[in-house]
Amino acid sequence: MNTMKKSLLLLLPAALLLGRCNKDEQNVAPTGDNEAITTATLTLTSQTTPVQTVTATVENLNASADFSKATLLLRPNTTYTGTITLLDKTKTPTLDVSAAVKKEANEHLFVYTPAPASLLTVISTDVDTNPAPGPFPLGLATQIRTAAAGTGTLRVVLRHQPDVKNGTPTPGSSDLDITFPVVVQ
Amino acid sequence: MQKKTCLGRIVLIVSLLANLTGYAQMPCRATLTGQILDQTTREPLTGATVFVRETKTGAVADTAGYFRLERICPGSYTLDYQFVGYKSLTQPIVVGPDSLLTLPPTLLMPDNQLLQEVIVTEHRSEAQQLLQVQSSLSGVALAATRGQSLGESLKNITGLYSIQTGPTISKPVIHGLYSNRIITLNNGIRQEDQQWGTEHAPEIDQFLASLITVIKGAASIRYGSDAIGGVILVEPKAMPTKPGIGGDVNVVGATNGGMGVVSGMIEGGFSRKLTGLSWRVQGTLKRSGYVKTPNYYLDNTSYHENNFSGDLHYDHKQWNAEVFYSQFDARIGLFTGAQVGSLADLYAAISRPEPILKPGFSYNLDRPYQAIRHNLLKLRAAYRTGRGSTITATVAQQQNSRREYDLLSFSRLTNPELYLKLVTSTADLVWEHRSVKNAAGSIWSGSAGFNGITQGNVRQFLFLIPNFRNYGGGVFAIERYASDRWTLEGGLRLDYRWLRAYFLDETTNQPYNTTRHWQNTNGSLGAAYQLRPDLSLTANISTAWRAPNVADLYSNGLHQSAVAYERGNPNLQPEQAYNGNLVLAYAGKRLSGEIGLYNNRIDNYIYLKPDSVPIVRQRGAFPAYSYTQVLATFRGMDASLTYKLTNRLSMTSNNSLLYARNQTDDDFLVFVPPNRSDNRLRYELGQTGKLSNLYVQVSGLYVSRQNRVPPVTQQQENGQLIFQGDFAPPPPAYFLLGAELGFTAPVAGHTLSVILTGTNLANVAYRDYLNRFRYYADEPGRNLSLKLRLPFGTNQQ
C-alpha cells in the first residue's frame, strides 16, 4: 500500500502539469466555407423594344435552396443578353463571387445546358486571357436565344479548372451546379 | 451487485477449469523444465523454442519464459534453443533416473544482425498481459517495411488490411474494423489523432518501432473502451543498459515516387555516478514525389514527413522513470484527379478510364493537401517492490493539429478548409502483482489498474465535427493462472465516459451545448491448452464496447471528399461487441503455423445508411447518409502456415478470409476487406563470401474481388442519376508479384544490413476495393526499394 501511495504522489504533480484546465473548446467559431455561394441571380435583358428584363434569383444555396421562385419567363424567338451574379452572403461584407470569378477567369468556366436542347441556345460572350490555344470562353456574360414556346430547364454549372482549362467542361470540378426552371410563352 | 456476481462467476469458472487440469505424471519418464531468458535484460523470451535433436520433440517457452518437455527417457540429449532475433544455442544434457529435471535458466544473446528468419511470428508476451490472438512484426520483416507508413507495413500480418485514400494515406483495418474501433498505442500511450476519419491515418513515425504487435479481436479490458476490433502496439527498442554511445542510420530509397528516407538514432548510457541513466534521440526525414501507376503519374501525390523524438530513462534500484517526447509532422499531398465538387463530377471521373491530368514526375506538393502535427509528451515512473510487484504510473499529453486544404477557391482565401486541434491528456496507473507460484508449479499472475482520459477539441472553418470536451475513466483487473498445460485468464473492466459538444446557433449567434454520458462493464475469459509440446489451442471470449464518438453523433455537413452529405444521430447508443476467437498453433520441425477462427458480433453497430432522399446544395444533388445502428457480424479465418522444404528453402502462406454481414437488414456491409492470400517462397543462402544471412524471396499476393457488397440502387433526381450503396462496382481481383533480397555485410567494423524489395513487379494496373480513390485512378505500379541500416557505436554488439 505504501508503494501505491508513493506512486500516486508521483502521479499527482505530473497530472496537474498536464491536465491544466483549458476551455478553448467553449469558444465556438462560426462555420466558414471558402467556396460558399449563397445567392445566384440570372438576369436576362431582351434585345428588343420594349426591353424585357427577366431575373431569377436563388437564395440559401449553401443550406436549403428553393428553385420554385426562380423560374425564367421568356418570350419565344427572342434574343436576350444574359449576366450571372453570384454572392457569398456568409462573409462580411458580402463577397461578390462573380467579381472574384472574373479575376480568376483563366481557371473558371460557366457551362449552360438547356433541356430540352431545342428550348434555348446559349453563347458565352466573354473570354479569359489564357495563352494559345486560348483564350477560352468564361460565361459570366452570355447571349441567349429562345426558340418556339415550351417549358424546360436551364442548368448552370461553374467549373473550377485550375491549370487544366481547355475550353471544354470536362476538366476540373464544379463550384456551382444549379438548374433554373424555364417557361417560354 | 451486478459487478460482484459477474466477478464471482469468473472466479468460479476459473477455479472449475483449474480443477480439471491436474493430470498424472507418467511413471519412469522424466519431465524436463527450464526457462529461456534474454542474456542482458533477463526478460523471459516468450515463444522461444527448445528442440531435442535425438527425440525430434520440442517445446515453446510460455509467457514467463518457462518450457516443459515430458516423457523423456534417461540418456544424453542435445537441446537446440532458438528465438527470432537471437543467436541459437546448443546445450548437451544428461537425463538421469529422476522424474523431474530442472535446468538452470538458458540465456540467449540478441543477434544484432537480425537477418535470419521470416519474422512474422505469433507470440504472446507477458508485458501485454493478455491471452489473446496476437501477431507481431519485428526484425527483418519490420525492416523490410521501412519507409512505408504504419498502415501499409501492417498489411503483412494476416487478418490486417488498410483503407487508403490514394497512395499517401493508409489506415489500418483489423478483421474488417477500423477507425475508432481499434486502439493504437504509441510507446504505451493511446494515440488520439482524429482517428474517426477514414482519410486520417495514424500519425506515428514507423522508424520508432522495433516491435509492432497487433491484438486481433476485442481487447477492451486492458486498453479501454473502443478496442472492439483490436489493438496496435507500437513499441520502441529497449533503452540501452550499458554505458557507451551507439545508434543506427537507416536510409531508404524507392524508384516509384522517388522516395527518399533518412532516419537516425543515437543513444547512450552513462557510467559511474550516473549509472542507470540513459538517453536516446531519434529523427526521420521522408520525401516522396508523384507516385506512378503503370501508365501515368498521379498528380500531387507527394509526401513530406519530419519527425523527431527524445527519450530519457533512469533506472535506480527499484525505481525507474522515463520522459519521452516526440513530434510527427507531415504534409500529405492528395491526388488532384480525385477532387470532385459534385456527384456529376464523380460520375464523369468514374467513367474515365484514366485521369485527365497526367503530368510528368515532380516533387511539388500543392493544394489539395493535409498538414498534420502530432506532439506527445509522456512521463512514466515505475516502482518494483522487493517481492516482485510493480506499480507503473504514466501521464501523457498529446496535441494533434490537422489542417486540410482544398484547391484555392475563387475567394482566394488561403485558410485551410478544415482545422481541428485535439488535445488529449491521459493518466494510467497499473499494478502488476508478483507472480505467485505454488508447490504444484502453477503460477498466478495478474494486474489491475486505472485509465483516465480527457480531451478538448477545437474546430475552425468548415463544420465536420463540433468542439467538444470529454472525460473517461476505467478500472480493470486481469488475473492469469498457468499450470502444467493450461493457462487461464479472466478480466473485468468498468468504464465511464462523458461527452459535451459545443455548437453555435448560426441565426442567433448563441452558443449551446449537449451532454451525453455512458457507463459499461465488460469481461473476458481465455484458456490456452498445450495439446502436445508442439501444438496448442487457445480460446478466448471477450466483450467490448464503444461509446458513439462526436462524428457519429453530431456530424452534419457535406463530406466533400466522400461526395456525400452525412448526418449524425445524437441518440445513438454504444456499440457492444461479443468476440470469440479460437486459435490452433503448431510449431513442428518442418511445418509451423496458426489457424485462427473468429466471430465478432456487434450490437448497435454504427454505420452510415443511405437516405432515400438526396440533398440539393450549390453543387447539385448529393446522396445523403444518416448514422444508423444495426446488428453486425464479422466472421473469418486467418491461416498462416510455413513449411520448410529443405533447411534452406521454405514456403509460407498467409490467408485471410472475412465474411461480414448486416444482420438487421439481412444485407452486406460496405468497405469490408476482400479475401486474400499472400504466398512466399524463401531461400536462405546463409554465408556467401563476405555476405551473411543472405536470402532471396519471391511472393505472390492474390486479392479476390469483393462480391459481398450491398446492392447498388439508382434513382433520378433533378435530372441526375443518383446511385446508392456505392458509386461503382467493386474492382476485379488482382495478383501482384513481389521479390526480396537481403543480406548483411561487414563495413568498417560494423554490420550493414541491406534489403532490396520489389513490389508489383509485373507492373499490373489494378484497383483496390478499400482505396477511397479507386473511382479515379489505378494503384501504384512497379516499385523497387532499397533499405540500408548501419548500426554503430561502442555499446552495440
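Predicted model: local features only at pLDDT ≥ 70, side-chain atom pairs only at ≥ 80, totals over all residues.

Trainee: Why are strand E9 (134–138) and strand E13 (189–190) of chain B said to stand at the edges?

Mentor: The open sheet is formed by five strands in the order E9-E14-E15-E12-E13 (chain B), with mixed pairing. E9 and E13 of chain B each have a single partner strand, so one side of each is left without a neighbour in the sheet.

Trainee: Why is Ser704(B) called partly exposed?

Mentor: A residue is buried if 20 or more other C-beta atoms lie within 10 Å of its own, exposed if 12 or fewer, and partly exposed in between. Ser704(B) has 15 other C-beta atoms within 10 Å, and therefore it is partly exposed. Ser704(B) is found in the loop between strand E38 (691–703) and strand E39 (713–717) of chain B.

Trainee: How do you know that Ser704(B) touches Pro674(B), and which other residues does Ser704(B) touch?

Mentor: Contact requires C-beta atoms, placed from the backbone, to lie within 7 Å. Leaving out residues up to four places away in sequence, Ser704(B) touches Pro674(B), Asn675(B), Arg676(B) and Ala733(B).

Trainee: What does Ile232(B) contact, and in which core does Ile232(B) lie?

Mentor: Apart from neighbours within four places in sequence, Ile232(B) is in contact with residues including Leu154(B), Pro172(B), Ile212(B) and Val214(B). Ile232(B) belongs to the largest nonpolar core, which has 119 residues, and is listed with Ile212(B), Ala227(B) and Val231(B) as having the most contacts inside it. Strand E35 (residues 624–644) of chain B gives the most to this core, with five residues.

Trainee: How many residues does each chain bring to the contact between chain A and chain B?

Mentor: Chain B brings 52 residues and chain A brings 44 residues. On the side of chain B that touches chain A, E24(B) gives the most, with seven residues, and the residues of that side divide into 26 nonpolar, 18 polar and eight charged.

Notes:
Residues numbered from 1 in each chain as written. Chains lettered and ligands numbered in written order. Helix = DSSP H or I, 4+ residues; strand = E, 2+ residues; numbered from the N terminus. Contact = placed C-beta atoms within 7 Å. Nonpolar A, V, L, I, M, F, W, Y, C, P; charged D, E, K, R; others polar. Pairing = 2+ DSSP bridges. Core = buried A, V, L, I, M, F, W, Y, C linked by C-beta atoms within 7 Å.
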